[in-house]
Structures are given as C-alpha cells and as structure tokens.
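Let's take a friendly walk through this model together. Keep the sequence and the 3D view open as you read.

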Amino acid sequence: MSGKPLQETRSAMEGRRSETGFDHDLYRRFPTHRPRPDGEVEELERIWANPKGWGLLTVVNNNYIGFFYVATAFLFFLLAGVLALGMRVQLAAPMQDFLPPETYNQFFTMHGTVMMFLFAVPMVEAIGIMLLPQMLAARDLPFPRLSAYAFWAYFVGGLCFFASLFVGLAPDGGWFMYPPLTSIAYSPGINTDFWLLGIGFIEISAIAGAIEIIVGVLRTRAPGMTLDRMPMFAWAMLVFAVMIVIAFPSVILGTLLLELERAFNWPFFDPTRGGDPLLWQHLFWFFGHPEVYIIFLPAAGLMSMMVATVARTELVGYRLNVLALVATGFISFGVWAHHMFATGMPRVSTGYFSAASMAVSLPAGIQVFCWIATLASGKIRWTTPALFVVGSIVVFVMGGLTGVMVGMVPFDWQAHDTYFIVAHLHYVLLGGMVFPMFAAFYYWNGMTSKNPLSERLGRWVFWLMFTGLHITFLPMHLTGFMGMPRRVYTYLPDRGLDLLNLVSTMGAFTIAAGVGLFLIDLARNFRFTTDADAGNVYGGGTLEWLPTGMYSTRSIPLVRSREPLWDDPAICADVEEGRYFLPNSVTGLRETIITSPINAEPQYLQLMPGPSPYPVGAAVFTASFFLSLTIQAYAFAAFSGIVAVACVLRWLWETDRPIQQDTADIGAGIAVPIAITGPSSHGWWALNTLMVVMGMIAFMGLFSYLYLFGIHPEVWRAAPAGAETGGIAALLAAGLGLARLSRRTLASKPAGQFPGQGPWLLAAASALLLAGAIWWDWMGWTASGLGPTVSGQGATIFALLAYQGCTAAIGMLMALYLGYRSGKGLLVAPDSVTLDVVVRFLQYAALQGLVLALPVRLFPGA
Amino acid sequence: MSTDYRNRTDWLTPLLALSVWAAHFSLLWAASSIFPGQLTARWIAAALTAIAGGIIYLLWRQAQSRALTSAPGLGLAIATLGIAFDFAPALLA
C-alpha cells in the first residue's frame, strides 16, 4: 500500500483490524507541504476537457450529464403540469366539454405516468448524478458511460413516449394500468402497449442509474469518509438505489407479462384460464408503493442537508436520521397491498398491511422530528431554500397524516378511488419531493450557474406554490368525502361539487404562476457553467462546495468530519493547491480513487473512460427497440436491438485496458494498484447488483407461479419425468463448473502472458451447456402437452423459460465477446476484468437456471 | 474534527433487526394467504412472532449500544414495534 516501509505504530496495529489493512497513520501526511510541480492543473483540465458543439452528444462527465438529466426531468415536470392544468380546466365547472372523455383519459394517465416515471424518479437520480461526485469528492461516478446511457435512453424514449399524446395513441388506462381494463378485450388499441413497452427503457435507465449510484456511494468516497461521515444525501441515495434494485424488477416483470398476454395470448391475468387480474396488482404495487418512498427518501436526504445549513447548525440526530431512512426503506416493502384493501383479500392479510402502513409512519416521523429539532436548535436564516424546507415539512406532515387515515381498512373502503386519495397523494408528493426539489434548485444553483437565483422572486415562487397547493388540494378532501370519484371527466351540477372544483382549478393556476415565475427567474439569472460558478451562496459545509472543475476537486481531500468546510476552513485552499490525494493524473488518463465501502480506505486507482458516441448510440437504439415493438415493427425492433448491443460492446471494449503501469502514487508517497479484479473491485459490486436485479425478476416470476397455483390449483398439470429434470440439473451444474474452470485456467498461466484460447473456449462451452439445458427444459414441457396459452401455469412456466433463455443468450454473447478479445490478444494472465465479469455472469446464469427449473418441476402442486 | 478513521456505529444490528421484521412480515402474509380465514394462520403467526422476538432479544443482548438514541437501539425498537404491530391483526382481526 505504501511506497515507504510501514512502521509498527499503534495505528498500524489497528490497521490490521481495519477494513483493508491500510495504515491510518499514513493519513498524517496530509495536507502535504511541498510545493506541487507546475502544469498539473493544466494537465487535469486537458484530460478532463469535454468536446464542444455536436460533440456534447458524446460527453459522459457528471457535470454535463447531471445537468442534462435535471433539465430534461424538469421539462417533463412542466409537460405533466400542463396536462394537469388541462384536466383542471375541464373540471372547473360541471358538464364541460373542454376535453373529450377519451382525451381526458389519456391526460390523467399521462399526467400520472410522466410525473412518476419521467419526472420524479429521473429527477432524484439526476440530482444524484449531478451532486454525488462532488459531495463524495470523487472525480466522477464509477461508470460515467453508464450514466450517459441512462440519460440518453430516458431522454429519447421519454420524448417519443410523450409524443404519443399528439397522435391520440397515448395510454389511457390510468397510471397503474389494471387488467382486465388493459387486457386486449377492453383495450384493443396500441395505447396500452405504448405504456407497457414505452416505460421499458425508463426501467432500464432507472436500474442503470441505481447501479451507478450504489457503486459510486460505496466505492468512490474520499478517503476518511467513513459511513458515519457520509453526507445525508449520499445515505439517502444509497437507500434509494437499493430500493430501485429490489422494487423495479417487479414492475419490469409485470409489464412483460401483460404485454405477453396482449401480444401472444398468454393468460397470466385471465381468470377463465387460470390467470388472475390481482396478480398484476401485487406485481405493480410491490413496485408502486415503495416507489413513493423511492421518490421521497432522496428528497429527505436533500432536506436533511439543507436544514442544517438553513439553521446554521449540525443536523440533530444524524445517526437516527440515517436509521430512519433505512427503516423506511425496509418497511415500505410491507405496505404494497394497502392499495388493494377493496379487492377482498383475506381479513387477516389486510390487517397485516394496515399494521405495516402505520409502522412506516414511525421512521418518517423520526426524520420530521430531527428536522424540527435542528431548526429549533439553530438560528434560521429565512432564505428561499429555508421557506421551501419549512413549507415542505408542513405539507408532507399533512399528507402523511391522511396517509395514516387511509392505512385503516374501514376508512380506506370509504375513501378508495375518490378525490380524497388524490388530495392525499399530492400532499405527500408535493411536500415530500417537489418542494424539497425547488429548495434544492435554489440551494445548489450556485454549483452550476454563474449567477445565483433571485431571492426576491424566490419568495414569490414559494408563496404562490404554497398557497396554490392548499387552494388546489385541500378542497379535494371534501370533494372526495362527498363521493366524487377519481378519473372521471366530468360531474353533474348541483351536487355541491361545483364551487370546490372551481376553487381547485384556481389553485392549480396559482401553482402554475409560481412555476412560471421560477422559469422567469431561471431565464434571467441561470447561466450554466462548470468552473466559474456563483459558489456557496448559503454557506453549506459539505464537500460539494470545494472549488471544482470538470475533474471535480483539484485534489481529493482527507475527510475528518461530516461538515469539513465548517470544521476546517483551510481545506478549500489545501485542496485547490493539491495538498491531498491524487493532485495530478498519475497515468495521464481519467482516473479516480476507489475506496473501501465502510471506512473509505484507499484501495486502488480506477481508470475512467472518456467521451464516446456509443452510449448515446446504444440509448437511441434501445429506445427505438421498445418503441418499434409497440408499433409492431418487429424487423426494425430486431435491427435496433442488434445495433444497441453492438454499441454497448463497442463502448465496453475500451474500458478494460491493460496498461504497463501496475501501481500509482496517489499522493504523499502512498502507492496503490491500478485496476484489480475480484471482490475488491468496483466492477464486482456492479455485477452483483445487476445479479440482484435479475434474481428479483426470477423471484417475482416464481411468486407469480405460486400465486396463480394458490388461486387456480384446478388447472395445474403434472411436470415432465423426474429423469429429465435430473438431466437438466446436471447440464446446468456442468455449465457452472466449466465457467469456474475458465477462470482457473487463466489464473494458472504466468503473469503477463497470453493464455491461449482455452479460457474463452471453456466459457463458451459453459454458455452452450446453459443453452442446451433451456432447450431441453422447453421441449420437455411442450412434450407434456403444456403450452403458454393453455393456462396460467403454462404461461408462467414458459415466461420463466423465456427469461432463462434470454439470460443464457446474454451469457453466450458475452462468451463470444470474450473470444473476440482473446483473439485480439487482450486477454492477459493471471486475471482479466472482462473474463471475470463473463465467468461470474455465466455462473449466475447457471444457478438461476437451477432455481427456476427445479421448483416448478418438483413442486407438489404439479 | 476527529483523527479516527474507522466507522464506529454498529449498523449491522439494526439491519439484521429490520431483516427479521421483513422475514416475519413476509411469512405472516404468506401464511394468511395460504390459509385464509383459518385458525392455522393465526397459530403460525404466533409461532413466528415468538421466534422473531427471540432473535430480536439475541440481537439486543449482543448490540454495542442499547440506548434508544443509538442506531442499534432505535433499530431494534422499530423492528420490535413493527413485529408487534404485525402480530396484532392475527390476534384481533
């Protein structure tokens, strides 16, 4: 680890018990005192420079991608807001004909879908990509090209998806798309397909971003930034990303199943053939309710950071607040069926979900009390962010209290599907996410703009939005109590609803006026920059307020507290003068330090990729793939899919670059390795996270199988013969073994030597065995007389087979890619990042095959 | 500012406690769905609650800090309350 011999100090002895064996005494060398050589900053600027003009399409740096992302998400916020205004005009008076019923259906569906899928989740992910590298003092997040891909897929796909509204093909079944309304019998047009396939790329984009954030937060923190010293926003983004990884697979599976039913008549949700529409509700809400917390938690992280600055004191109850975030993440997965109280679930089951719905208010309450205590213990400076922060707490608490009300089963039965729910969810989402977002816009504007936003206009923006919110949504509690249902395009006069609806409409335009004023402020004052920014206008104490350029900070500081800028005012100058880690580029390439996940001890130097056209190419063709499927242009969809995969492989080609240099001095004589494999590498963490996503899809698939058996056991058929099952298991086990052997073969060769074609051929053989197993499995079920259109059992089994088939196909593709690299002499003993990734994916695929094949074949119900 | 560069908070105990809550909740729901309206589901709930309570107790015994204002203490408290909340419907509904 060190360029100098390690002395047997107390810290060194403790170091043995440290996370990586790193000697903490080495930290005493910082800040360094020797003057840095000339030209280091200029070299950093050259290495991290971005292309201009059309070249901006190829940028991958978080300063640009984060900004593009935030701007696009805000655009979708505005577009969905315009749809809301359209609906409010329609409802301003009874029996209006401003919007025809069909258009109104498309408006409320698109409003909900765009706000949830194209605004809320992407916005918090965007803010994360923009802020996290600076907050953690990393040069960038660990997979910048993945960030770029996530953004462009979202941008291109989102705009195409929204454009469906202009040709009358927008989805119209509500943002949660319940079958049988959305089944082919009742929704024969392609509007529903636009939703089901259209959000496919958004799901991919969200998961790509989540993987980036998990690895980024856990592995690229500045040295010394232990878990205890992580900014609250980083904690919140970590929980957020883990929740995405757990929750999104459920909706991915749900949308795939519903599309399979619509396109190929596989009866997952058709009760006449052993399916069940409630399966969709379980799959959707297992994602849908955590989604609310997925949106809220990052905003809560932003709030926790801003509230400390606003009150000019440390956050009260830092650890309790972190725990509250984690507990909210956990318990939010136990509340999904409170959206289904009216479906006739068993009474005790509804009780469990009701209890969990109340339990989740405990951690949310802890956070609110921490914020209030912080505000009470400090001295509030009533700036615009402060107004939005306090307003957010008020609004969120109001929404939370009505949430506890609807968590009670008898109350929910009365209020279900009425405007009371509309009022509740808007209070929660506006208070829990939109207000913190506006506070963050003002607070962090100084990081990206030459000028700060106007405080005077900001106060107007706040008060217009705050009063408008109450004028709009407070009356909806009453209209709901009076029985006005959601999603109905009009109402009859003289039912006592006229005035309340008119008031709500006036309130909606008041909010719009606030947002309009914000746009004027942006136009007048916001000027994007990556270096000459307005700076730390509100006096925050965390690392994102260090002087930065495209390369983030000049040197990567040693973190000794939670608010380093408050506790050590000299840190800014020291960082800028290069007195900390990595004050230069050691390899002449883009690079950052990878640290350990708990104590943030330096582990190795990661070489980072630069601008590339391939992420944007892959993103455009990913979006094109899904949209072509929607309009049933299958040939073009296949073409788009192939091009997208080719672009991904091409971008990956450059990311595993063997270089001559083995170690690098990252400052003060501390030497670390360059690019490693295995559990210490960031790639290992990313692949494992992806495996969790894939595993969750498989798990939810098995859940669907068992759920349908529980509802319709009468249609279940016996599995094929046991000997066949044994053969399939043997093939998969052999595939697992060959993949393992491939890595061993590479490791057994002398270091730096080309290992021959053996390793990749073993990997390819492993992939072939996986393909053989899936073929045998498929043929076995077909021979038993079961088909995917026969029953819910057949549909779920063949869906699982198809999923495993796709996994095996990806494994095959990866093995061929490995072979191509090997042919080019890029596979070098004793370890290779590419081979490590391919082999571990194949091993995962084999295990997934076993987990999917055996239960359905051995399940006693069959 | 501190020169201690090691994480000093026991995050593992609250994570395990909340995992116990998650397992308890999932199994209770599964039992109530497999045996709807039957006494069996309630007995299973009682047994699972006893097991979960026992694990929480063990975690509490081993926790670095048991104060309610510490991360392990609060995590254990939230998990215990959650488990108690979840069991209530099996008794009352």
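## Where the two chains meet

The contact between the chains takes 35 residues from chain B and 35 residues from chain A; two residues are in contact if their C-beta atoms, placed from the backbone, lie within 7 Å. On the side of chain B that touches chain A, α1 (12-34) and α3 (71-92) of chain B each supply at least two residues. Helices here are DSSP runs of H or I with at least four residues, numbered from the N terminus. α3(B) gives the most, with 11 residues.

That side of chain B divides into 22 nonpolar, 10 polar and three charged residues. Ala, Val, Leu, Ile, Met, Phe, Trp, Tyr, Cys and Pro count as nonpolar, Asp, Glu, Lys and Arg as charged, and the others, Gly among them, as polar.

## About the model

This is a predicted model: local features need pLDDT of at least 70, side-chain atom pairs count only at pLDDT 80 or more, and totals for chains, interfaces and linings use all residues. Residues are numbered from 1 along each chain as its sequence is written, while chains are lettered from A and ligands numbered from 1 in the order in which they are written.

## Two domains in chain A

Chain A is divided into domain 1 (57-525) and domain 2 (682-858), with bounds from an automatic or database domain assignment. Their C-alpha centres lie 36 Å apart. The contact between them takes 27 residues from domain 1 of chain A and 25 residues from domain 2 of chain A.

## A look at R229(A)

R229(A) sits in the loop between α7 (200-219) and α8 (232-264) of chain A. Leaving aside neighbours within four places in sequence, R229(A) is in contact with V559(A), S561(A) and R562(A).
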